[in-house]
Amino acid sequence: MRPQTLGLTFFLLVQALPVDAKSPSIVAADVGPIAFKQTKFEDVRAGYVSLEWNDVLEKDSLAGRASEATYVVSDDDGTMYYHGHLPMAFVSGLPDGDYRFHIGVVGADGEVLATSDEPAVVQVEHWSLTQALSLFTIGLIVFLILIGLITHGAIRSRRPRPVPGDLA
């Protein structure tokens, strides 16, 4: 191979290599204020709650850089309940007690870009055992009455009926 051909081939290979350009990362100034849509959840009986907040990682406002940052929902103890891109979280399995949830925006490098000023306060108080057993007993009684009525109707419909004109 001639040196010119070898040089041209090398030049073309270098030109064909992909370029890895990174978009500028999100900084705290890019992210607006973040807040929960509802901050008080009183008398939560089932032990779960759905939290929602304003979406500060909208793709239009951050020119496609929103995929670098994520939302994090945590409580006062630092326990993380949600880590993702959606502006909502479903928190379940909460035992009785009071909880204060905070939402934060975390950049790709782990830097906290924004946090909520006001936490979402959740008061969980499950149904008492007396209430639960009372409702279970009422449901059981209604179920047994229904089964009894169905059985009684099935037995009555099987009895032979007298044919009119048959005296015997």
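Before I start: in these notes, buried means under 20% relative accessible area, exposed means over 50%, and partly exposed is anything in between (1.4 Å probe, protein chains only).

**Entry 1: ground rules.** I am looking at a predicted model, where local features need pLDDT of at least 70, side-chain atom pairs count only at pLDDT 80 or more, and totals for chains, interfaces and linings use all residues. Residues are numbered from 1 along each chain as its sequence is written, and side-chain values use heavy atoms, with hydrogens and water left out. Helices (H or I, at least four residues) and strands (E, at least two) are DSSP runs, numbered from the N terminus.

Entry 2: As background, nonpolar side chains tend to be buried together in soluble globular proteins.

**Entry 3: two residues of interest.** I took contact to mean heavy atoms within 4.5 Å. Not counting residues up to four places away in sequence, Leu51 touches Phe36, Phe41, Val73, Met88, Ala89, Val91, Phe101 and Ala120. Next I picked Val49, which lies in strand β2. Is Val49 buried or exposed? With a relative accessible area of 4%, Val49 is buried. Leaving aside neighbours within four places in sequence, its contacts are Phe41, Ala89, Phe90, Val91, Leu94 and Val122.

**Entry 4: around β8.** Four of the five residues of β8 are buried, so I wrote this strand down as mostly covered. Two strands pair if DSSP finds at least two bridges between them. β1 and β8 pair in the parallel sense over three bridges, and Phe41 has Val122 in β8 as its bridge partner. β6 and β8 pair in the antiparallel sense over five bridges, with Phe101 opposite Ala120 in β8.

**Entry 5: salt bridges.** Here I mean a side-chain nitrogen of Lys or Arg within 4 Å of a carboxyl oxygen of Asp or Glu. How many salt bridges does a search of the whole structure find? It finds three.

- Lys37 and Glu52 meet at 4.0 Å, N to O. Lys37 lies in the loop between α1 (3-16) and β1 and Glu52 in strand β2, so the pair ties together parts 15 residues apart in sequence. Lys37 is exposed at 63% relative accessible area, while Glu52 is partly exposed at 35%.
- Arg45 and Asp43 meet at 3.4 Å, N to O. Arg45 is partly exposed at 24%, and Asp43 is partly exposed at 43%.
- Arg100 and Asp76 have their closest N and O atoms 3.0 Å apart. Arg100 is in strand β6 and Asp76 in the loop between β3 and β4 (80-84), 24 residues apart.
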